[in-house]
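Look at the sequence and the 3D structure below.

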Amino acid sequence: MADTTLSSQNANGPRQGKLPWIVATLIALICVLPHFSVIIAAFMGSTDTLQSLAETVLGRYTRTTLALLVLVVVFSTLIGTISAWLVTTTDFWGRRVLEIALVLPLAFPAYVLAYAYTHVLDHPGIVQTALRAATGWGPRDYWFPEIRSLGGATAMLTLVLYPYVYLLARAAFASQSATTFYAAQSLGQTRVGAFWRVSLPMARPAIASGAMLVAMETIADFGTVSYFGVQTFAVGIYSSWFTFADRAAAAQLSLGLLAFALLLAILERVNRGEARYAFGRKFERMPRVALKGSAEKLAFLVCFLPAFLGCILPVVMLSEMALGSEQNLFSQRYLHFARNSVTLGLCAAALTVAVALLFGNLARNRTSWFATAILYVGRLGYAVPGGVIAVGLLVPFAFFDNTLDAYMRETFGVSTGLLFTGSIWLLVCAYMIRFLAAAIGAYEGGVAVINPNMDAAARVLGQNEWGLLRRVHFPLLRPSLFTALLIVFVDVMKELPATLIMRPFNFDTLAVQAHRLASDERLAGAAVPSLVIVAIGTLPVILLCRRIRNEQGKTEEGA
C-alpha cells in the first residue's frame with residue numbers, strides 16, 4: 001500500500017511540478033514585455049520624429065538628466081557616507097535619536113517635498129514675503145535662489161534619497177572589525193587616515209550599491225522635475241505621450257532612458273558580484289570615540305540637518321498648508337481617492353509578493369540556468385522608470401485591443417472596445433514589474449537564514465517543494481514577506497508617472513490628486529493628499545527603524 005502511494009505521488013509530482021514553471025514563465029514574459037515593446041515601437045516610429053527630437057529637445061533632455069543624476073548621486077553619497085560613519089564610530093549628544101531620524105526622509109516622495117518648499121521659498125512664499133516686508137525691497141531689488149530649478153530638484157531628490165546610501169554604508173561600517181583599523185593605526189595612520197585608507201575602501205561596494213539605487217530613482221523621477229520645469233527624459237516621455245500624442249517619440253525617448261537604466265543595473269550587479277571581502281575570524285567591535293566641544297557640535301549638525309530638512313520641517317510646512325486649505329480629507333471625493341490608492345496598493349503588493357515567492361522558491365529548489373534567468377528578469381523592473389514600463393505595456397496591449405475590435409466589427413458587427421488598455425489589472429501589472437525586485441530582495445533576505453538542512457529533513461519526511469514552502473518556509477518567512485508587502489504598498493502609493501499614464505478614466509489616486517492640485521498652483525490643497533501619502537509611507541520606515549534599534553541593542557549587549 002505504501003509503495004502504491006509513493007508511486008502515485010511520484011507519478012503526480014512531475015505533472016504538478018510543471019504548472020509553477022509555466023506560470024513563472026508567463027509572468028517573466030510579461031516582465032520583459034515592456035522592454036521589447038519599447039524597442040520595437042521605437043524602431044517602427046518615423047525617423048522624422050527622431051530627427052525632430054535630436055534638433056529640438058534631445059540634447060537638453062540628455063544634458064539635464066545627466067547633470068541631475070551626477071549632482072544627486074554625489075550629494076547623496078556624501079551625506080549618507082559621512083553621517084553613517086559618524087553615528088557608527090563616534091559618540092555625541094543626540095546620536096541615538098539621530099541614528100533613527102536619518103532614515104525617516106525615506107518615507108517622503110520627492111514631489112511632496114517640492115510642494116512644501118515651493119510654498120515657503122517661492123516668490124509669494126513666507127520667506128521672501130517676510131524679507132520684502134522687513135527691508136522694503138521690491139521684487140527686483142534682491143537676489144534669492146530659485147527653487148524651481150535644477151538646483152531645487154537636486155536638493156529635493158537628495159533629501160529623500162540619501163537614506164539608501166546611509167543604510168547600506170552604516171551596515172558596512174558596523175560590520176567592520178576594529179582589528180583592521182588598529183593595524184592601520186599601528187602603521188602610522190591617524191584616525192582620519194585609517195578611515196580613508198581602510199574603512200572607506202572596505203565599505204565601497206555597499207556605498208556604490210546605495211549610489212546605484214539613488215541613480216535609478218533619480219532618472220525615474222517625474223513628479224519633482226515636472227513640477228519644477230526641469231526638462232529630463234521622464235518629462236519628455238510624458239509630454240510626448242499626452243501633450244503631443246506622439247507615441248513614436250515617447251517610445252524612442254523611453255528606449256534611450258531604458259538603455260541607460262539597464263546600464264546602471266548591470267553596473268550595480270557587477271559591483272555586487274565583485275564584493276568579496278574577508279574580515280578574518282576574529283571580530284572586534286569598533287569602539288566609539290566620544291566627541292567634545294566644537295567636534296561634537298559639528299557632528300550633531302551634520303547628522304541633524306538632513307533629517308530636519310528632509311522630514312521634520314516638511315511635516316511642519318505641510319501641516320500648516322493643510323490647515324489653511326479648503327480640502328476636506330473626509331469628504332466623499334477624498335475617500336474615493338484614498339480607496340483607489342489603497343485598492344491599487346493592496347492588489348499590487350499581494351501580486352508582487354506572490355510572484356517573488358514563486359520565483360524565489362523555484363530558484364532555491366531547482367538550481368538551473370532557467371530559474372536563475374527568471375529571477376534576474378524579475379529584478380530588471382526596478383531599474384526601469386515607471387513611465388517606460390507604462391509606455392512599454394500600453395503599446396502592445398493597445399495594438400491588440402484595436403486589432404481585436406476591428407476584427408470583431410468586420411466579422412460580427414460587434415465592438416469589443418478596450419479590453420486591456422486603461423484597465424486596473426494592467427496598471428497593477430505595471431506596479432508588479434516595477435517593484436518586483438524589492439519583494440525578491442526581501443524574500444532572499446529572509447530565506448538566507450533558513451538552514452538547508454531543514455529542507456533536507458522536510459524532504460525525508462515526505463514533503464514536496466510546495467509542502468516545504470507551506471509548512472516550513474512560509475512560517476519562517478512571514479516577517480520578511482510582511483515587510484515586502486509594506487514596502488511595495490508604499491511604493492505604489494508614491495508612484496506617479498505609471499499611474500498618470502495608465503490609470504483608467506476617472507480613476508484618480510492621492511498621488512494623482514496631489515500632482516493635479518500642485519500643477520494648478522493650489523499648493524495648500526496639494527498638502528492634504530501629500531500628508532496622507534507620507535503618513536502611510538512612514539509605516540515601513542518605522543518597522544525599519546525598530547529593526548535598526550534592535551540590532552544596535554544586540555550589538556551593544558554583545559560588546
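In which helix do E99 and R95 both lie, and how many residues apart are they? Both lie in helix α4 (residues 95–101), 4 residues apart, about one turn of the helix. An α-helix has 3.6 residues a turn, so residues three or four places apart point the same way.

## Basis of the model

This is a predicted model, in which local features need pLDDT of at least 70 and side-chain atom pairs count only at pLDDT 80 or more, while totals for chains, interfaces and linings use all residues. Residues are numbered from 1 along each chain as its sequence is written, and side-chain values use heavy atoms, with hydrogens and water left out.

Helices are DSSP runs (H or I, at least four residues), numbered from the N terminus.

## Salt bridges

Side chains of opposite charge can pair when their charged atoms come close. A salt bridge here is a side-chain nitrogen of Lys or Arg within 4 Å of a carboxyl oxygen of Asp or Glu. By this rule the count comes to 9 salt bridges. One of them joins E99 to R95 (3.6 Å, N to O), and another joins R95 to D91 (3.2 Å, N to O). Burial is judged by relative accessible area with a 1.4 Å probe and protein chains only: buried is under 20%, exposed is over 50%, and partly exposed is in between. R95 is buried, at 5%, whereas D91 is partly exposed, at 35%. E99 is buried as well.

E217 pairs with R434, their closest N and O atoms being 4.0 Å apart. E217 lies in helix α9 and R434 in helix α17, so this pair ties together parts that are 217 residues apart in sequence. Both E217 and R434 are buried. Salt bridges that share partners also join D91, R95, E99 and R170 into one network.

## Cavities

A cavity is found on a 1 Å grid over the protein atoms alone, as a set of points where a 1.4 Å probe fits but cannot get out; lining residues have an atom within 4 Å of a point. A volume is the space filled by probe spheres set on the points, which are joined across faces, edges and corners. The structure holds 3 cavities of 30 Å³ or more. Of its 22 lining residues, P109, A110, E217, D221 and K494 lie nearest its centre. Helix α7 (150–174) gives the most to this lining, with 4 residues.

The second largest cavity has about 70 Å³ of space. Among the residues that line it are A234, I237 and Y238, and these three are also among the buried residues of α11. In α11, 9 of the 11 residues are buried, so the helix is largely enclosed by the rest of the structure.

## Surface patch

A nonpolar patch joins side chains of Val, Leu, Ile, Met, Phe, Trp or Tyr within 5 Å, using residues with over 30% relative accessible area and no salt bridge. Areas come from the Shrake-Rupley method with a 1.4 Å probe, and for residues only the protein chains shown count as cover. V70, L71, V74, F75, L78, I82, L298 and V302 make such a patch of about 660 Å². Helices α3 (58–89) and α13 (293–323) each give two or more residues to the patch. The most come from α3, with 6 residues. L71 sits in α3 and is partly exposed, with a relative accessible area of 33%.

Notes: Patch = residues over 30% accessible without salt bridge, like charges linked within 9 Å, V, L, I, M, F, W, Y side chains within 5 Å. 1 Å grid on protein atoms, 1.4 Å probe; cavity = no way out; pocket = protein on both sides within 12 Å on 5 of 7 lines; lining within 4 Å.
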